[in-house]
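Here is a short tour for anyone who likes to know what a model says before computing with it. Take a look at the sequence and structure, and then read on.

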There are 2 protein chains.
Amino acid sequence: MATIIALNKKRQDLPPTANPHNALEQLTSLVADDLAVVNQHILQRMDSEVPLIPKLAAHIIASGGKRLRPVLSLAAARLCGYQGERHRKLAAAIEFIHTATLLHDDVVDASYIRRGSPSANALYGNQPSILVGDFLFSRSFQLMVEDGSINVLRILSNASAVISEGEVLQLTSKNDCATSEQTYLEIVRAKTAELFAAACRIGAVVAGRPAAEEEALRTFGLNLGIAFQIIDDVLDYSAEQERLGKTVGDDFNEGKITLPVILAIHRGNEAERAFWHRTLNEQNQRDGDLVFAQDILRRHGTLRDCTERARHYGAIARDSLGLFPDNELKTALLDVIDFTINRQF
Amino acid sequence: MATIIALNKKRQDLPPTANPHNALEQLTSLVADDLAVVNQHILQRMDSEVPLIPKLAAHIIASGGKRLRPVLSLAAARLCGYQGERHRKLAAAIEFIHTATLLHDDVVDASYIRRGSPSANALYGNQPSILVGDFLFSRSFQLMVEDGSINVLRILSNASAVISEGEVLQLTSKNDCATSEQTYLEIVRAKTAELFAAACRIGAVVAGRPAAEEEALRTFGLNLGIAFQIIDDVLDYSAEQERLGKTVGDDFNEGKITLPVILAIHRGNEAERAFWHRTLNEQNQRDGDLVFAQDILRRHGTLRDCTERARHYGAIARDSLGLFPDNELKTALLDVIDFTINRQF
């Protein structure tokens, strides 16, 4: 609870012009009752007799996350007319999977800031972050088992396996300027979009809706997830530091090959390619390199064009909701697409 | 297949007196047909389009593991008169959970040798070891979902959560000479014995046997697992290096507080406690400290008494099989208890 209030408060502190219409807050408010129960499940089920587990888990779970995936799952279920309570526990399971991957990601990437605060590995070390990630992952399956649907278990165990594959593919593409846009898309789909897809799809599953609606919500989630990650990768070069909640330039520093860079490499001259090779392949970076990289990206319009690419996936997500009746929830879900693409943080 | 043959070959190379009766080989041979299929499942399901995944997974899965947990699960099912095939896929799922924890353990412990070869993290680095561990963990749940039993999913998701709790508890007890025998037992039960228990119990579950047999096999696995881990911890101080397949003294070097040390701390004088505090709490170790530690353990008879403690759990495991009819499989399972306690590697 405290988390959500703190988060809202922080957002309200932003100058009003910077946040004309926060569609995610609107969507969140529409599922507020469900989300309150999800947060109770999360707090209860991250507990353990081993004190370090709830301590570390609370740090990452209470550190101002948007609960984007649970909110999408709750909203998808309600959009399908679901009147029960199963989606609440499953939304908690989805957030646990997400949190487990964040804990492991921060260790793998040696990231020390997450959502504007020190990351769990920065505070507690890599070892507990790995193990508590494993714990939360197991907890997510315990929650699904309590729900009892093999179908849900299939969807989320498949998504989990694909996420790990995406993470490994990302790791093997790191520091490799030859990474193609296609490989980038495969990574983004696997590591980010599949969990969005599963979260939305499960809304239709618990509501017992026909395959067409399940597929429509899967399509919505998958494409929203791709758009979300592309914009995340744009913001890593373009955001204002204090609003991003993580360090601008992290991807550059780590040598992650994201879409803005892939486009710039393809559009650049020999000297620029040598620059990318030195800074990203060889990880030989000097003062001023990040600013120079940002300058190249701007010159080739790659940040603008990445946003255009994101709009394409957003358009697919938009059309996929065509099956559903118009109502407040559907409007909020559609607005979240635009919000995801136009956000500055 | 190659793995199993290579393993047998290695064992046969040992001097005959050192290995008068390898009960684990006997048990393994009784479930050889099942195990061959388990190995096929393992090889098929560790595959991925991301090449690093099967490469790294093959390294740890094919590196001469005894397949102890799958063999126990297969044997338990056959002991229950099971005639089907479900236990084969589930045994593969159990081995995947075990392998995932090994990958993460070696990262957490910074261990560079596993089964006499460089560990996966030594060869490929920590990052892929973490992520491929996550992948194998997800794969294990996919295998269980294919089996389709919520009951099995409950047992193994519970075991997985308890394993992570045990690992975190072990981490927080590291370098703490105040760790009690009770805390040690709680760690051992959680990190090792629960998966043995689940593996054996699932034999009765797939066979559809009554609760008493399910409980008996759970008791067998749990207590065999505790005995197994105590002896592992004894061998870490007493084994011959070339037969152990890992570095003798690893636990000492890392400051892990295991039963031989706990007993020695309780039985020792002030000077000895100061020695343990310096070497384990403060991790201030010098040349000759390991030999000196081994000398203290021998002087207080703690290795011998740890083995006695292990015999106690072995006796519980032995009695738990009383419900089952006498046959070749039961004899082999009982012999595995003695083998586990008397092994030198």
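Glu85(A) counts as exposed because it has 12 C-beta neighbours inside 10 Å. The cut-offs, with C-beta atoms placed from the backbone, are 20 or more other C-beta atoms within 10 Å for buried, 12 or fewer for exposed, and partly exposed in between.

Residues are numbered from 1 along each chain as its sequence is written, and chains are lettered from A and ligands numbered from 1 in the order in which they are written.

The predictor's confidence in each residue, pLDDT, runs from 0 to 100. Chain A averages 91, and 92% of its residues score at least 70. Within chain A, helix 5 (residues 68–79) has the highest confidence, at 98, and helix 1 (residues 2–12) the lowest, at a mean of 36. Over residues 1–20 of chain A, pLDDT stays under 50, and the model has 11 contacts for this stretch beyond four places in sequence. Where pLDDT is low, the predicted coordinates should not be read in detail. For the complex, the predictor gives an ipTM of 0.86 and a pTM of 0.89.

## The overall build of chain A

Chain A has 18 helices and 2 strands. Its radius of gyration is 20 Å, close to the 20 Å that the globule rule gives for 345 residues, so chain A is as compact as a globular protein of that length. The radius is taken over C-alpha atoms, and the rule is 2.2 Å times the number of residues to the power 0.38. Along the principal axes, the C-alpha atoms of chain A fill a box of roughly 60 × 50 × 40 Å.

Of the 345 residues in chain A, 52% are buried. Among contacts in chain A with a separation of 6 or more, 76% join residues 24 or more positions apart; a contact means that two C-beta atoms, placed from the backbone, lie within 7 Å.

Chain A is assigned domain 1 (1–8 + 23–148) and domain 2 (177–330), with bounds from an automatic or database domain assignment. Their centres, taken over C-alpha atoms, are 22 Å apart. The contact takes 25 residues from domain 1 of chain A and 22 residues from domain 2 of chain A. On the domain 1 side, helix 5, helix 6 and strand 1 (113–114) of chain A each give two or more residues, and helix 5 gives the most, with 8 residues.

Helix 14 (residues 259–267) of chain A is mostly covered, with 7 of its 9 residues buried. Among these are Leu259(A), Pro260(A) and Val261(A). The buried residues of helix 14 of chain A pack against helix 10, helix 11, helix 15, helix 16 and helix 17 of chain A.

## Where the chains meet

Between the chains, 35 residues of chain A are in contact with 35 residues of chain B. On the chain A side, helix 4, helix 6, helix 8 and helix 9 each give two or more residues; helix 9 of chain A gives the most, with 14 residues. This side of chain A has 19 nonpolar, 11 polar and 5 charged residues. Nonpolar covers Ala, Val, Leu, Ile, Met, Phe, Trp, Tyr, Cys and Pro, charged covers Asp, Glu, Lys and Arg, and polar covers the others, Gly among them.

Chain A superposes on chain B by a rotation of 180 degrees with 0.0 Å of shift along its axis (RMSD 0.0 Å). The two copies are thus related as by a two-fold rotation axis.

Technical notes
This is a predicted model: local features need pLDDT of at least 70, side-chain atom pairs count only at pLDDT 80 or more; totals for chains, interfaces and linings use all residues. Helices (H or I, at least four residues) and strands (E, at least two) are DSSP runs, numbered from the N terminus. Copies are superposed by least squares on the C-alpha atoms of residues with pLDDT of at least 70 in both.
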